[in-house]
Amino acid sequence: MRRGAATFGRFLFVGVANTLVTGALLSALSLVIPPTVAYPIVFVLGIAFSVILAGTFVFRSRFTAGRVAWYVVGYLAIFGIGLGCIHLMELAGWPPWTSGSVVLVTAPLGFLVGKAAFGGRSSASS
């Protein structure tokens, strides 16, 4: 149980940093380009940061092609969910700067995907 709490603590640390940076960047970019264009740009930057830190720091796991592939596929699904949320926000008439709040949906999904991809029994010792 303690190991799980430590993993979750590391996820929160990395996740908060990634969320703050990508959320702010998305909100800022949405002021100059459409949110549906800004979101993919920011998402790619966030996933690059996340794939490195999720495997090595958060879940302390070794990278394999299968784990990285699973992680990327999971994040593509999260991308679709997030983009759908942004479309709904636009349809509802929310101002563009609120688009960064999509991370309230995508961040918890990111933990689940990371745990599924990198949290298995074959991870390196903590």
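Residues are numbered from 1 along each chain as its sequence is written, and side-chain values use heavy atoms, with hydrogens and water left out. Because the model is predicted, local features need pLDDT of at least 70 and side-chain atom pairs count only at pLDDT 80 or more, whereas totals for chains, interfaces and linings use all residues.

The chain contains four helices and zero strands, where helices (H or I, at least four residues) and strands (E, at least two) are DSSP runs, numbered from the N terminus. Read from the N terminus, the order of the elements is α-α-α-α. The radius of gyration of the chain, 15 Å, is close to the 14 Å that the globule rule gives for 126 residues, so the chain is as compact as a globular protein of that length. Here the radius is taken over C-alpha atoms, and the globule rule is 2.2 Å times the number of residues to the power 0.38. Along the principal axes, the C-alpha atoms fill a box of roughly 45 × 25 × 20 Å. Of the 126 residues, 38% count as buried (under 20% relative accessible area; exposed is over 50% and partly exposed lies in between, with a 1.4 Å probe and protein chains only). Of the contacts (heavy atoms within 4.5 Å) between residues at least 6 apart in sequence, 76% join residues at least 24 apart.

Rolling a probe the size of a water molecule over the atoms shows where empty space is left. A cavity is a set of points, on a 1 Å grid over the protein atoms alone, where a 1.4 Å probe fits but cannot get out; lining residues have an atom within 4 Å of a point. Grid points are joined across faces, edges and corners, and a volume is the space filled by probe spheres set on the points. One cavity of 30 Å³ or more is counted, and the largest cavity holds about 390 Å³ of space. Its lining has 26 residues, of which Asn18, Thr19, Thr22, Tyr75 and Thr106 lie nearest the centre. Helices α1 (2-29), α2 (35-58), α3 (65-91) and α4 (103-118) each supply at least two lining residues, and α2 gives the most, with eight.

Leu109 belongs to helix α4. This residue is partly exposed, with a relative accessible area of 27%. Leaving aside residues up to four places away in sequence, Leu109 touches Ile78 and Ile81. Between Leu109 and Ala77 the C-alpha to C-alpha distance is 9.5 Å, although the two are 32 residues apart in sequence.

Key: On a 1 Å grid over the protein atoms alone, a cavity is a set of points where a 1.4 Å probe fits but cannot get out, and a pocket is an open set with protein on both sides within 12 Å along at least five of seven lines; lining residues have an atom within 4 Å of a point.
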